Amino acid sequence: MNDLLKKYLFADRSLRIQTANLQQTWQDARQHQKHPKVIEKLLGELCAASVLLASNIKFDGSLLLQIQGDGPIALLVVECGSDLRLRATVKLRQEFAIKENATFQELVNPNRSGRFVVILDLKDRQEGQQAYQGIVDLHGNSVAEVLDNYMRSSEQLETHIRLAADDNKATGILLQRLAASGGITIDKEKAAENWEKAGHFIQTVTPEEQLKLSEDELVHRLFWEDELLKTEEDQAIQWYCSCSREKVADMLRMLGIAEVESILEERGEVDVSCDYCGKPYHFDAIQCAQLFIDKDKLSAQESPTAH
């Protein structure tokens, strides 16, 4: 499988390098969602970024990255689990015309009220415990610049992220400066030198290089003079949405038979798309009737019998 997260450390443990390659995952993400190319590019970059950031957190749950825009893009959101399964979606304002060459700020922040939101939602939160949430303004001219600013201002972590996406691939590389931990002593002068040099190298990377080269080739090209340590096994990245035909059926039952029959009378069928991933679900008249027949049977089975 090519969709992998890879992690490296400089030999002196002063810097962390990570790469994310989303090919099949990116194809799966776009299977039921069709947007202008300029929008898809941003979504792909945010998908790659979510993997890079989620993999650095030791937790069981989900990391959500949200761009809340005040322009053509109302919402750009990616959810990535600790198992690196992710899903993503875009909500657009239909009243806006989207230019092919629109800039990041034109798409999400023309009125300067857009926000970038990071949510860490633990799977086993205690009762009353709120999910962690960080919110910052949308400073920057790309998803990568917004993330760099967020990491520096909110997490106090010096970070460089480079992202790219096209029709075939979404990819990212992260460079992060590490503090001494676990009894390991880091030469501060050498660490500062490493950071300055590596930071300069990574900022020369172009989207074209990221999309053309494999992640291994890119890391070798950037850091061939440095001794890198592979710290963990490669982790698989996958697309996953929790929607299902059964959940849609439950939703139609909640609407009630009268509402479903009204839709059937108007359209002859019921078509529902997942609000998150866009996957379509189709129910004809017979299948709709079966929903309520099955419910009635279940209710009869669960009801106590009178004697």
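Predicted model: local features only at pLDDT ≥ 70, side-chain atom pairs only at ≥ 80, totals over all residues.
Local features require pLDDT of at least 70 and side-chain atom pairs pLDDT 80 or more, while totals for chains, interfaces and linings use all residues. Residues are numbered from 1 along each chain as its sequence is written, and side-chain values use heavy atoms, with hydrogens and water left out.

The protein has 10 helices and 14 strands. These are DSSP runs, numbered from the N terminus: helices are H or I with at least four residues, strands are E with at least two. Along the principal axes, the C-alpha atoms fill a box of roughly 85 × 50 × 35 Å. Of the 307 residues, 45% are buried. Buried means under 20% relative accessible area, exposed means over 50%, and partly exposed lies in between (1.4 Å probe, protein chains only).

Helix H5 spans residues 188-202. Its 15 residues reach 21 Å from the first C-alpha to the last, close to the 21 Å expected at 1.5 Å a residue. The expected span is 1.5 Å times one less than the number of residues. Which residues of H5 are buried? They are Ala191, Asn194, Trp195, Ala198, Gly199 and Ile202. These residues lie on the same side of H5 because they cover an arc of only 120° around the axis. The arc is taken from the directions from the helix axis to the C-beta atoms. An α-helix has 3.6 residues a turn, so residues three or four places apart point the same way. On the other side of H5, Glu189, Glu196 and His200 are exposed. The cover over the buried residues of H5 includes strands E1 (4-10), E2 (15-22), E8 (159-165) and E9 (170-177), and helix H7 (215-223).

The structure holds 2 aromatic pairs. Rings of Phe, Tyr and Trp (its six-membered ring) pair if their centres lie within 6.5 Å; planes under 30 degrees apart are stacked, over 60 edge-to-face, and the rest tilted. The ring centres of Phe10 and Phe223 are 5.9 Å apart and the planes stand at 80°, so this pair is edge-to-face. Phe10 sits in strand E1 and Phe223 in helix H7, 213 residues apart, and the pair links these distant parts of the chain. Phe10 is buried at 3% relative accessibility, and Phe223 is buried at 2%. Phe116 and Tyr150 also form an edge-to-face pair, with centres 5.6 Å apart and planes at 80°. Phe116 lies in strand E6 (residues 115-122) and Tyr150 in helix H4 (residues 143-154), so the pair ties together parts 34 residues apart in sequence. Both Phe116 and Tyr150 are buried.

Two arginines lie over ring faces. Such a charge has NZ of Lys or CZ of Arg within 6 Å of the ring centre and within 35 degrees of the ring normal. Arg85 lies over Tyr240, at 3.9 Å from the ring centre. Arg87 lies over Tyr276, at 3.9 Å from the ring centre.

An open sheet of 6 strands runs in the order E7-E6-E3-E4-E5-E12, with mixed pairing. Strands pair if DSSP finds at least two bridges between them. The edge strands, E7 (132-137) and E12 (238-239), each pair on one side only. E3 (residues 61-68) and E4 (residues 73-81) are antiparallel over 7 bridges. Leu65 stands opposite Val78 in E4.

Leu53 belongs to helix H2 (residues 37-54). Leu53 is buried, with a relative accessible area of 9%. Beyond its neighbours within four places in sequence, Leu53 contacts Leu63, Leu65, Leu147, Met151, Ile161 and Leu174.

Terms used. Contact = heavy atoms within 4.5 Å.
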